[in-house]
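Trainee: Could you pick one part of this and go over it closely with me? I'd like to hear how one chain meets its neighbours.

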Amino acid sequence: MRNISALVFASGLAFLLLVITWQFILGGAPMLIGEAILQQAAEELGAANLVTSVVLGYRGIDTLGEIAILFTASTATSLVLSSIAEKTSAKSKPGLRDDGTILASSASLFFPLLMTIGLYIILHGHLTPGGGFQGGVILAAAFFLPLLAVPGRGVNHSGLALVEGFAGASFIVIGIIALFQGKAFLQPLFGHGEMGSLLSAGSLPLLYIAVGLKVGAELSGLLANLAEPSGNGDETLSATESASTEQTSMQAEKTKS
Amino acid sequence: MNNIAFNVALPLLTAFLLPIISSGSKSATRFVGPFVLLAMLWFALAYFNVLQHPVAIALGGFLPPLGISFHLDNLSLLMAALIPLMMLLLWPYNNREGFREESLLLLLAGAASGLALSGDLFNIYVFYELLSVASFGLAAANRTAAAFAATFRYVIISGLGTVLALTGIALIYTQTGTLNLAHIGLLASQLNNPVGLSAFALIVIGIGVKAEIFPVNGWVPEVYSTASPRISALLAGLISKLAVLVIIRLLVVAYQGSQALTLLLVLGMLGIIWGELSAWHSKDLKRMFSFSSIGQLGMVLVAFSIPGDAGMAAGIAMMLHHLVVKPGMFLLTENWNGPIKKLKGAATSSPLAAFLFMLFALSMIGVPPLPGFWAKLLLVTGLVEANAPLYIIALVVLLTATVIEAHYLMSTALKIFSRGKKKHFKKLLQTPFNLTIATIFGAVLLAALFTLTPLGNKLNQIATESSDRSLYIKTTLSLKLPPQVKQQVSKVQ
Amino acid sequence: MTTNLIHWLLYGGAMGLIVIGIVGVVTLTNIFRIILALVIAEAGANLLLVIAGYRFDAIAPILTGQALSAMPTTQIMVDPVPQAMVLTSIVIGVGVQALALALVLKVYKNYQTLDLREIHHRMLADIDHSSGVISLLSEEQPKGERPLPEPETKNVLNSGGEK
Amino acid sequence: MIWVIALMVFIMLVGAVTVLLVDSHVSAIAASSAVSLALSVIFVILQAPDVAMTEAVVGSGLSSVILALALFRLNRNKAKMEQSDA
Amino acid sequence: MTTLDTLLLFSLLTVLVSGLGVRLKMIGWVSAIMFAAQFVALLFMGGLGYGGSAIESSVSLTILNQPLSWRFDSLSWFFALITIGSALASSIFAAGIWAKKFHKHDGKPGLLQFAIALNVFTMLLLLASGDLLSLFVGWELVSWASLLLMVMAGGSSSQWGLRYIVYATAGAMAVLAGIGLIYHLTGSFSYADLANTAATFSSTNIVILSLLFIAGFGVKMGLLPFHLWQAGAYAEAPGPGSAFLGAISSRMGLYAMLVVVIQLIGLARLIAIEIPFSFLSLRDMLMWVAAFTIIFPTFTALRQNDARHLLAWHGIGQGGYMMMGILVLNPLGSAGGLLHVFNYASNQAALFLAISAVVYRTHTADLNRLGGLVTRMPLTFVVLLVGIIGLAGIPPMNGFVSKWLIYRSLIVEGMPLLFVATVIGTLGTILSVYKLIHNTFLGQLRLEHEHIREVPWSMLAPMLVLASVVFMTGFMPGLVLDWVVSAQAALGIPQLAHTLGGVESATGNLDMIWITLVLFGGFGVGALLFYSGNKAKRVHQLDNYAGGHFLTADDRYHYSNNFYAGLMHHIGSWYRGTFKWLESSIISIVSLLSGSTQRLFHSFHPALFLLIAATLSLYFFVG
C-alpha cells in the first residue's frame, strides 16, 4: 500500500520535475555572477584555478561553514558512538587480524606515497584542479590505512584533535586578521604574486592548507571512530571524562603493548 | 567596522578550539562558552543601537552579488541578539559530560547567527545544514535507545528536505543565474512562473522540516519527547523560527505573488488543524507541547501568508510570543513528564511551576491582556482585512483551534491544581535550575505585558522595514554596483 | 538534436537520481539501505547544480598556458560558481552520512534490528514507557521474535545489547 | 561524447536502482560507488574537473569506506550477539 | 482622577489586598469593608442613576495603534450597582462564622474573597468599557475570573469549570470574529464609528454580526443551545460564591448584548431582516429562543433534587425573561427586562444565601434529606419565602413588577404565543420553588436535624437586608424604575413613564403601593380571625399522629422523593437529553478526528508525507 502510493507520487514528482527542466535550455542559463566572476577573478585574486578563487574568495564563508559541518559531524559522531558502557569491547578485536600482514606491508608502502600526493594536491589547489578537500581526503586515507592494517593500534585522537582545532582556528584567524587590517572578514591578504606560480593568489594557499589539514584530521578521526570499537573512541575524552573511561584507555594501552 | 561577522566567526572558532581547551583545563570549558555567547550578544546589541536603516556587509570584500553579503536590518539583528540570549538561558551549566555538547551548542549558535544574517541563498543552505547537523547531535545527546532511533528518523527526513531545498536552489540559479537574495529580488519577474514557484515550493518543503511545517514534521513529537527538555526548548523555540525566517526572506524578496502565499496559507492551516487536534488527544505533557508547537507554527505560517505589513507584523508577533512561551513550557516537562492523570497535586508540590504553567497556557490561548492575545488580535484583524474566502476559512480554523487548545490546556491545568496524594509530591518537585530559567521566561512575558505600547511601535517599525522589498534590494546592491548589475537595477527602478 | 538528447540525458539523469533516491528512502525498510538511497538523491541534486553552470564548447574554469598571460581570456569557460557549490555540498553529504551511520550502529546495538518498522515500534514503546502512558499502538505487537524490552533505566539502555 | 554521456547516465540509473533492489549490502555499496564514479565521469565531461575529483575521491572512495566500516561493525555486533545468545 | 477612576482604583485595591492577605484570618472582614467602600464610591456617581451624563475615565491606552478607553454611563452604573451590592452581601455572609467552618472543611475563605474581588473588578472593567477592544478584554477577563470562583471548591466542580471554560472560550472566539468583522467594516474598534456606520452595513453582514454576537454573549447568558454548563458551574461553587455568580455573573452577557446589539447596531435592523421560508423576522426568532430558554430550564429545575442546582437552573430561565422583555422594545418591555435584572439578582442572592445557611447547619443541600426546618431556622425561612415569592413573580414582591411589565408589553405588542410561553414558564417556576420550600422547611423534621439552631447574625444580616430589598422594591418599584429609565435613556430606546408605585401610562397602569396595602389588609383580616378564635395547642414538632397511630420520627410520611412524579412523567426529559446528546456527539467527533490525526504522526515513515507534499505543491504550481 505504502509502496504503491510512494511509487505513484514519485512518478508524478519525476514527471513534474522533467516538465520543469524541459523549459530550461541546456547551456543557456543566464549565469550573471558566473560571467562577472570569470571576468574579474583573475585580477581580484590571482588564482589560476577560478573555482578555487570562488571557493576560498568569493564564497569563503561557505567553505568555513563546510569545514564547520565536517567538524560538527565528527563531534556528533563521537558523541553518539562514545558510550561509557562499552568497557569490555575494547579488548575484543575480531576480524581483519589474519590478513593483516598484506595490508600492513601495503600500508607501510602507501603511507608516504599518499602523504605526498595529498600534500601536492593541497598545495597546488589554486593552480590545478583539486585542493583542500580532495587532498584532505587523501591524507585521511594515508592515516587510515595503517589502522586497517593493524587493528590493534588506535589513532592518536588527541593529536588529531590538536591538528583539527588549530587548522580550523587558523582559517578563521586569517579571516579575522583581515578584519583587523581594516578589510572585510575573510578578505584575502598579501599580494597576488605572479599568477600561475606556487606562491601566488595571496592567502588562498594558506586557507587551502588549513582546510586540507582540517578535513584530513576530521575524516581520519571520523574513520577511526567508526572503525574502532567505540570504547577507544573515548580516548579523545580521556583527559576530560570520568575515571571509568580513564581506565578504559588504560586497558586499551595494555592491549596495545 | 563590520564586526558582526564575529557573531559567526567567534562561536565557530571557540567550537574548533574547545577540544584542545578542554584537554587543557576542564574549568575553562565551563565558562568559555557563555563568555563567547555574551560577546555575541554584545555585538548584536551594539549594532541594534546604532542601526538607523538597513545595512549590508560584503564578506571577503567582494561586492554582492558576486560575493556573499550579510543583510542587517532590525529583524535579522533581533534574531542575532535572541540567539545568544536563548543559548545563555538554555546552556547546560550543570553538564558534567565533557565538551561535546557545549561545542555543538556553540556551532548551533554560529550557524543560527549566519542563517539570520546571511543574504545569499546558497550560504543560507550551508548554514542551514550546519544547523541541522548540530541539532542532530544535540537531539541524540540523551543517549537513550529511543533518542537514537528518533534522531535517525530526524536525520533521514531532514536530509531529504535538504535535497529538495538544494534542487530548488539549483532551479533558481538556472533561472536567474544568481544566488544573492537581493539580486534574485531584482530578477523576481523571472521567478513568477511555474519554474520559479516550484523552486519556492521545494525550498519551503525542504526548509520546512526544521520549521515544523505540516506534512514534514513527523519527527517533532519523537525528538521532543526523547531529547532533554532544554534541547527541545531550543529546537522548538529558536531553531524553528530561524527556518521560518528564511522562508519569509524569500517570500518578501522574490515571491509576492498570491500563489506562493496560498501555499503557505494552506500548509499553515493544515498544520494548525493537525497540531491542535493531536495535542488534544495526547496523554503526556511533552508530546502535548510538541504537537501544540506544531499548531503554533502553523499559526505563524498563516500569519506570514497575509500580504503586506499586517501579515509581517502578526507573524513576527506570533513568532516572538511562541519563542518566549514554548521554551518555558518545555522546561516544566523535566519532572512533569508522566501521564497527565498523575499530575494531580503538582500545584501543591511546586506552586511556582504551576503558576508559570497557567501563565504560559493563558498566554498561548490568547487571554487578554497577556501578550499572546495581542499577537492573536493582530492575526485576526489581518485575516479579516485580507478579505478572501481562503483567509476567512483560515480565521474559522484559527478560532476553532483556539477552543480546542483551551480545552486541553485547561483540563491539564485543572489536574495540576486539583488536590493530590502526599506521596507523589516528591516526584512532582521541579528542579530549581529549570524552575529558575522558566521563571525568567515568565518574567519576560510579564515584562512584555507592561511594555506593550512601545513594543507595538517597535514591532510595526520592524514589520514595515522587513516587508519592504525595494529597501532590501537597495540596501544590498547599492554597496557599489558591479556594472552588469547596474543596468538591471535601472531596469527595475 | 544532439543538444536536445544531451539535455534529456543530463536532466533526466539528475532528476532520475533524485527521484530514485527519494523512492528508496520512502519505500526501503532497512535503515542501512535508506542511507544509501539518501546519498544517491544528494548526488542527483549535485549533478543538477553542475548542469546549471554548463555551457557548450566551453573549457574548465582554470587558466593554463597562454591564458594566464592574456586575461581576460577570449576562451569561454563554464560557470565556476555551481562547481564551488557542489564541492561544498558533496563534503556536507559525507558528514551527514557518517553521522547517520553512527546512529545506525547505536540503533542496531540497542534494538538488534535494522528494520525501520520494528525500530519505530520499539521507539514508540520506549517513549510511551518513559512517559508512563499506555501506547496508542499497544494492541499491535512489534514484529520480530524479540519481545518489547523490559522497563530499563537510562544507563542500562546505554549498555545496549550486551547483558 | 554523447554516447559516453548516455552510457554514464545509464550506468548511474541502473546502479541507483540496483542499490535499492539488490539483497546484499556489500553489492549495494559497490553499486553506489559505481554511481558516483559514473557521476564523476559526467562531471569531467561537463568541464568540472574539481568536482569530478572530489566526487571520485569522496563519493566513491571515502563514503564507500565509511559504509564498509559501518557494515563491518554491524556484522561484528551480530556475531557477538549470536555468541551471547548461544 | 474622575470618580470612575476612584471606583476602579478601590476595586483594584480590594483585589490586591485580598490577594496578598489570602491566608489572614481577618481578610474576610477587611475585604467586606473594602466592598462597602466601593459601594460608597459608586453612590458618589449616583447622578448616573438619574440621567446624569456619562463619566469618562482619565486612563486610556494605545496598544498596537488601537486606543483603549473606559467610561461609565447609566446602564453601566445600574449593572455595577447590582454587582457590587451582591458582592457586598456575599462577602459579609462569607466573612464571619461561615469562614471558620469553610476553613475547617479545608476550604480557603481568603481565596473566596479574592475571587469575588477579582470578579467584581473585571466586571467593572467590562461595564466601563468604552470601545469594542476594551469590551472584549473585559469580557475575557470576566470569563476567566469566574472560572476561578467556580473551580475553587475542588472535587466535581472542576469538571463543571472545564465545561464552562470551553463554552466560554467558544463564545469569546465568536465575539472576536464579530469584532474582527466590525473592524473590517468600520476600520476601527470605537463605538462611535460602529454606531454611525451600522446603518450602511449590508443585511448579510448584520445577520452574521448579530448571530456571532448573540451566540457569543448568549453563551454566558445560557441561551438555549449553550445552557448546559451554567447550572452545575454556579451551583458547585462555595455557597456565597454561587450566590454572587447566580446573582450577576451571567447578566454580563446581557449587558454586552445590550451595548452591541441594541445600542450600537440597533434592533430595528434585526426586525427588518426576514428569515427566508418563515414568517419570522430575526428579532422574532431570537424572542422564540428566549421563550424556550424560559421554559426548558425552568422545567429542568423542577426535576432537580439539589437545592443549589434547582436555583441555578432557574437562573437560566429568568435570563430568558430579561432578553424577551428587552427584545420587545417598547418602553414597558425593555423596562421590564432591565428591572428584572435587578429584581432577579436580589431574589437569587437571597435564595442562595438562605440555602447556604441551611447547608451550613445541615451539611446537605439534598432536597430528599431535608424538611421541617421552619421551626428551627425561622428567619432563614422568612428570607427564603420572600425570595421564592419574588422569584415566582407573585405580588407583593418585586419579581411581580418586572414580570407584569413583560407580560403587559407582550400583550400590547400583540404577541399572544410568546405571552403564553412566558406564563408557562412562570407556572414552572411556581411549582419548582414550592418544591424547594416544601422539601426544606415544611413537612417532617428529620431526626438528625432536631437540635440545629438559627444561623448566626453575620450570616443572617445580609440575608435579611436582601429580603427587605426584595420587599421594598416590590412595594415601591419607582425607586428602581428611576435607574432603569435612565439606563433606557443611555441605551437610546424609548423610556417608560413611571411613578413611585409603578407604571402610569396609556398602555397600562400598575400601582404596587395599593396592591400591597390591599394584600396586607387581607392578611390583617385573616390574622384577626385567627387570633380571635380560641388558642391552638402547641405540640412538639416530632409529635405526630396519623389515623390515630403515633408516627415515630424515622418512618417517612413526608412526601419528598420523586416530587411531581406525574408531571415529570408527562413532560419527560427529551429536551435536555437532546442537548446533552449534541454536546457529547461534538466531543466524540473531535476525539475521533484527533485520534486519526495522531495516527498520522505515528506512521512509521514521515518521508512519505514529504514526498506527497512536494509532489502536490509542485502540481499546484506547474500543473
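Mentor: Let's start with a term: a salt bridge here is a side-chain nitrogen of Lys or Arg within 4 Å of a carboxyl oxygen of Asp or Glu. Keep in mind that this is a predicted model, in which local features need pLDDT of at least 70 and side-chain atom pairs count only at pLDDT 80 or more, while totals for chains, interfaces and linings use all residues. As for bookkeeping, residues are numbered from 1 along each chain as its sequence is written, chains are lettered from A and ligands numbered from 1 in the order in which they are written, and side-chain values use heavy atoms, with hydrogens and water left out.

As for helices (DSSP runs of H or I, at least four residues, numbered from the N terminus), α5, α6 and α9 (219-226) of chain B each put at least two residues into the side that touches chain C. Of these, α6(B) gives the most, 20 residues. By class, this side of chain B splits into 23 nonpolar, 11 polar and 7 charged residues; Ala, Val, Leu, Ile, Met, Phe, Trp, Tyr, Cys and Pro count as nonpolar, Asp, Glu, Lys and Arg as charged, and the others, Gly among them, as polar.

Now the extent of that interface. Contact (heavy atoms within 4.5 Å) takes 41 residues from chain B and 46 from chain C. Together the two chains bury about 3,700 Å², 80% of it on carbon and sulfur atoms; buried area is the accessible area (1.4 Å probe) that two parts lose on being put together, summed over both. On the chain B side, Phe148(B), Phe152(B) and Tyr173(B) lose the most area to chain C, together 17% of what that side buries.

Next, turn to chain A. Here 60 residues of chain B meet 59 of chain A, and the pair buries about 5,000 Å², with 76% of that on carbon and sulfur atoms. Phe16(B), Leu66(B) and Arg100(B) supply 17% of the area that chain B buries here, more than any other three residues. The rule again gives 1 salt bridge, with Arg59(A) and Asp120(B) meeting at 2.6 Å, N to O. The largest share, 11 residues, comes from α1(B). This side holds 35 nonpolar, 19 polar and 6 charged residues.
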